[in-house]
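Keep the structure open while you read.

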Amino acid sequence: MNIALIIENSQAAKSEIVHDALKTVAEPLGHNVHHYGMYSPEDNTQLTYIMNGLLAGILLNSQAADFVVTGCGTGMGSMLGCNAMPGVICGLVIDPTDAFLFGQINDGNAISMPYAKGFGWAAELNLQDCYRKLFEVERGVGYPKERAAIMAKNRNILSEVKAASHHDMLTVLKSVDQDLLKTAISGERFQEYFFANAKDEAIAEYVKSVLAS
């Protein structure tokens, strides 16, 4: 099969390392590896994680590629960008167990990998530190601070792309299997929490109608 490799700008310096590793494994198995860039930090085309997702959608839906390997610093951004696209099922792969389980259970057509962030011993402490960093500080500030503006811009672009490629939530609710939906919203405390906090009246009213049906 044809495997497409896409590297995002923050990790472009590692492009050759990633490309060589992929070829070493895939080519002896009879697969073709097509590297779509970035190739170096100096490339004229600077791919963001949102662009990674767009490329994955184009390549997979056109059948130019059968599988996409991509990533970024943490792997999260590229995964989100890919999953914003129709027909793309992308998993976050951090270790070999993730790769095995994703291939065996999810059988998607793309993976996103972290090429900067590591994970190792004392993982439970790492998880706790992650939760602290998420909930004890203001979100959306950016890191490093000097890149805050471009990060915010990219988040907005991703939101626009997602809106263009997906139905709105109310349409989704009306389109899915209604028995499935009703089961999902039948939790013991769902109504207590949901109706006290929901701000979208149209969605709240539709949920109420499903529960009453």
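## A buried aspartate

Aspartate 43 is buried and yet has no salt bridge. The nearest side chain of opposite charge belongs to arginine 147, and that is 15 Å away. Bear in mind that this is a predicted model.

So what does the side chain of aspartate 43 reach at 2.6 Å? It's the backbone nitrogen of tyrosine 39. There is also a polar contact of 3.0 Å between the side chains of aspartate 43 and serine 40. To find aspartate 43 on screen, look in the loop between strand 2 (32–35) and helix 2 (49–61).

Alanine 12 sits in another stretch of chain, the loop between strand 1 (2–5) and helix 1 (15–26). Its relative accessible area is 1%, and because buried means under 20%, alanine 12 counts as buried.

Tyrosine 39 turns up again here: its C-alpha atom is separated by 6.1 Å from that of alanine 12, although the two residues are 27 apart along the chain. If you leave aside neighbours within four places in sequence, alanine 12 is in contact with Met38, Tyr39, Ser40 and Pro41, as well as Ile7. Serine 40, then, touches alanine 12 and also makes the polar contact with aspartate 43.

How many disulfides does a search of the whole structure find? The count is 0. Cysteine 72 is in no disulfide, and the nearest cysteine sulfur, in cysteine 82, is 9.4 Å away. Cysteine 72 has 5% relative accessibility, so it counts as buried.

## The whole protein

Zooming out, the protein has 10 helices and 5 strands. Its C-alpha atoms fill a box of roughly 60 × 40 × 35 Å, taken along the principal axes. There are 213 residues, and 32% of them count as buried.

Taking the contacts with a separation of 6 or more, 65% are between residues 24 or more positions apart. The accessible surface comes to about 13,600 Å², with 58% of that belonging to carbon and sulfur atoms.

Definitions and conventions: Residues numbered from 1 in each chain as written. Predicted model: local features only at pLDDT ≥ 70, side-chain atom pairs only at ≥ 80, totals over all residues. Heavy atoms only, no water. Helix = DSSP H or I, 4+ residues; strand = E, 2+ residues; numbered from the N terminus. Buried < 20%, exposed > 50% of the residue type's maximum accessible area, 1.4 Å probe, protein only. Lys, Arg positive; Asp, Glu negative; His and termini not counted. Salt bridge = Lys/Arg side-chain N within 4 Å of Asp/Glu carboxyl O. Polar contact = N/O pair within 3.5 Å; in protein donor to acceptor, adjacent residues only side chain to side chain. Contact = heavy atoms within 4.5 Å. Disulfide = S-S within 2.5 Å. Areas by Shrake-Rupley, 256 points an atom, 1.4 Å probe, with all protein chains shown as cover.
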